Amino acid sequence: MSVLLFILAVLPGILVSYVMFRLDRYEHEPFLPLALSFLGGAMVTLPAIQIEKAAFVWIGRPGHINLAEAALLGFVFIAANEELLKFLLLRFGPYPRSFYNEPLDGIVYAVIIAMGFATAENIAYADRFGMPTLLLRTLTAMPAHLIFAIIQGYYAGLAKFNPSGSRQLLWRGWLLATLLHGLYDLLILQQLFEWMFLLAMIMLYLGLYYFYQFIQEHQDNSPFRANPVPPPEDEA
């Protein structure tokens, strides 16, 4: 892989992570947990890809997948698989820590984990298929992972500060992210109607617009809103 291709594979995830860091405007997260979350997201890509490869081998008919097989692959072996790995990393990584101290932190860490995951995928696909596939993924898979992370992180933010219903809220976030992810993959994988790919893209970018409201809601409910904590560079 060329240096340029590697940079282009890594840059989108880093840029989205930085934007998410800046959106956490009232109390920025420490760098080390963010970096570890990004790296963790990248690392769990490996088992996710191995499970997906095994599933495609089991289906055994690339290019001739029927609707039932597309649904099985999309909802179970891709969506549930990937979202569960990212969920577990969030739940047992940042979620129980003291620095996870406002609702928006759920979205921040979920997005950082997802960007690590998507970046590792980008590197793998760019190395194998080159620039055209990388550009396509930048416009499709990256925003898709962002949406699924916002959903999962929104409910993780609610759960942290609602102990009585935390388990239900956490799993609700995982379930909704998985269902939307599975629907998106089904539209991409099914081979009956080519125009469904366009529907998936419309759904994707409408979702980005709609789910940004989740970020705004958690911003508005930040306990640090009245007295924002300056970011490290402002404290120097």
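**Cavity, pockets and packed helices**

The residues that line the largest cavity divide into six nonpolar, one polar and two charged (nonpolar: Ala, Val, Leu, Ile, Met, Phe, Trp, Tyr, Cys and Pro; charged: Asp, Glu, Lys and Arg; polar: the others, Gly among them). The model is predicted, so local features need pLDDT of at least 70 and side-chain atom pairs pLDDT 80 or more, while totals for chains, interfaces and linings use all residues. Residues are numbered from 1 along each chain as its sequence is written, and side-chain values use heavy atoms, without hydrogens and water.

A cavity is a set of points on a 1 Å grid over the protein atoms alone where a 1.4 Å probe fits but cannot get out, a pocket is an open set with protein on both sides within 12 Å along at least five of seven lines, and lining residues have an atom within 4 Å of a point. Grid points are joined across faces, edges and corners, and a volume is the space filled by probe spheres set on them. Counted in this way, there is one cavity of 30 Å³ or more, and the largest cavity has a volume of about 60 Å³. The lining of the largest cavity is made up of Glu-83, Lys-86, Leu-90, Ala-110, Ile-113, Ala-114, Phe-148, Ala-149 and Gln-152. Two or more of these lining residues come from each of α4 (67–92), α5 (104–129) and α7 (141–160), where helices are DSSP runs (H or I, at least four residues) numbered from the N terminus.

The largest pocket holds about 930 Å³ of space, and among the 27 residues that line the largest pocket, Glu-52, Ile-78, Glu-121, Tyr-125 and Arg-137 are the closest to its centre. The elements that contribute two or more residues to the lining of the largest pocket are α3 (45–59), α4, α5, α6, α7 and α8, and α3 provides the largest share of this lining, with six residues. By class, the lining of the largest pocket comprises 15 nonpolar, five polar and seven charged residues.

The second largest pocket has a volume of about 300 Å³, and of the 11 residues that line the second largest pocket, the closest to its centre are Ser-17, Phe-31, Leu-34, Ala-35 and Ile-112. At least two residues of the lining of the second largest pocket are supplied by each of α1 and α2 (31–43), and this lining has nine nonpolar, one polar and one charged residues.

The remaining features concern how helices pack. Helix α1 (residues 3–23) packs against helix α6 (residues 131–139) at an angle of about 10 degrees, with their axes 10 Å apart (axes are lines fitted to C-alpha atoms, for helices over the stretch in contact, and angles run from 0 to 180 degrees between N-to-C directions). That makes α1 roughly parallel to α6 (under 35 degrees is roughly parallel, over 145 roughly antiparallel, 65 to 115 roughly perpendicular, and the rest oblique). The contact, meaning heavy atoms within 4.5 Å, is made by Leu-5, Leu-8, Ala-9 and Pro-12 of α1 and by Met-131, Leu-134 and Thr-138 of α6. The contact of α1 with α6 counts six nonpolar, one polar and no charged residues.

The axes of helix α8 (residues 166–189) and helix α9 (residues 196–220) come within 8 Å and cross at roughly 155 degrees, and α8 and α9 are therefore roughly antiparallel to each other. Here the contact involves Leu-180, Leu-183, Tyr-184, Leu-187 and Ile-188 of α8, together with residues of α9 including Met-196, Phe-197, Leu-204 and Phe-211. The residues of the contact of α8 with α9 divide into 13 nonpolar, no polar and no charged.

Helix α9 also meets α7, for the axes of α7 and α9 come within 9 Å and cross at roughly 30 degrees. That makes α7 roughly parallel to α9. Among the residues that make this contact are Pro-143, Ile-147, Tyr-154 and Leu-158 of α7, and Leu-204, Gly-207, Phe-211, Glu-217 and His-218 of α9. By class, the contact of α7 with α9 has 14 nonpolar, three polar and one charged residues.
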